[in-house]
Amino acid sequence: MTIRHDRLVGIPVPGRTGALDVDAAVTPPFGPAGHTWAVERQEFGAAVRQLREGTAPAAAGLPTGRRRVQGLRREELGELAGMSPDYVRRLEQGRSHPSAGVVNAIARALRVGRADYERLCALAGYAAADGQVPNEVGPGAMRLLERFTDTPMFVSDAAMNLIAVNSAFLALGHWDLTGDPWEWNIAWRTFCDPFSGFRQSTVDATDHEAILVTRLRSALLRYPADASLAALVDEMRSRSRLFDTLWRTPRPVAAYESSAAFIHPDGGAVTLVGSLLAIPGDDLAALMLTAAPGSADAARLAELVGDAGEPTIIRVGRSGPG
């Protein structure tokens with residue numbers, strides 16, 4: 001079976017991407033006066049060692065061949081990062097506190113993703129300065145979309161923008177385009193521009209709203225300099241009284257799933273449960289929509305997906321910020 005990979009036509013992608021620029025990506029150390037960073041040094045060293053041992057030589061541009069150690073050797077990381085093997089050892093043992101340049105060099109050498117880079121920054125006592133939400137569909141997300149072609153699924157970034165969907169998801173026929181700048185943002189469409197073909201019980205709607213607010217609050221904490229994310233939150237607080245209330249006093253998240261009825265344009269409905277799966281390496285999330293096995297909803301879903309034709313993965317563009 002061949003899976004097509006398409007880009008949605010007519011909706012441009014913003015100029016910025018999720019690419020990591022580590023040349024000027026951290027600010028000076030933060031923390032209370034007199035802080036020794038003893039605990040952080042130990043945790044930073046453990047994180048570096050874990051990443052080093054988990055990095056395949058080929059992924060770092062090195063020859064593979066026969067090896068007696070897992071991942072990269074300290075000597076190889078030192079050579080790639082421009083530091084001595086002894087200094088790498090002292091870092092991993094928590095006996096030296098890294099500078100911002102060292103954090104950048106290690107991140108570049110190991111070719112880490114955004115989430116791992118920010119973790120290294122935090123453990124070293126630095127804050128990421130660019131703070132922009134990454135929006136690239138990584139290999140982990142693509143594998144999920146490719147392996148579950150008969151299951152409606154989308155991938156969203158930390159700001160709750162859809163960045164990729166499969167044809168099974170579009171077969172539900174409920175996601176209409178509005179022309180709003182945030183028409184592909186889940187939170188915006190839930191609180192400010194609701195779908196006409198989407199119905200939830202009060203309990204499920206409460207859970208769904210709590211999840212969205214919690215994720216947006218977490219994203220804003222992790223990416224404080226992302227102007228698009230800040231503008232989205234400000235606009236939502238202005239447009240939706242419910243969102244503003246939940247933003248000030250968020251509800252606890254009981255479970256990262258909820259049920260909804262999707263009303264197809266032909267008038268039929270299918271009830272599905274959405275389960276949120278984290279993709280931490282790229283700071284993305286995938287939502288899988290499933291029906292109860294053997295139910296009428298499962299049969300209806302199979303019919304809709306079958307009518308959609310060849311399995312396709314669509315990389316979604318966005319016409320505005322967010």
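R89 has a relative accessible area of 29% and is therefore partly exposed, a class between buried (under 20%) and exposed (over 50%), judged with a 1.4 Å probe on protein chains only.

The model is predicted: local features require pLDDT of at least 70 and side-chain atom pairs pLDDT 80 or more, while totals for chains, interfaces and linings use all residues. Residues are numbered from 1 along each chain as its sequence is written, and side-chain values use heavy atoms, without hydrogens and water.

The structure contains twelve salt bridges, each defined by a side-chain nitrogen of Lys or Arg within 4 Å of a carboxyl oxygen of Asp or Glu. Three of them are listed here.

| Salt bridge | N to O distance |
|---|---|
| E92 and R52 | 2.7 Å |
| D86 and R89 | 3.7 Å |
| R300 and E303 | 3.6 Å |

E92 belongs to helix α3 (residues 85–92) and R52 to helix α1 (residues 38–53), so their pairing links parts 40 residues apart in sequence. E92 and R52 are both buried.

In helix α12 (residues 296–307), R300 and E303 are three residues apart, so about one helical turn lies between them. Shared partners also join R52, R74 and E92 into one salt-bridge network. R300 is buried at 15% relative accessible area, whereas E303 is partly exposed at 42%.

Conventions: Helix = DSSP H or I, 4+ residues; strand = E, 2+ residues; numbered from the N terminus.
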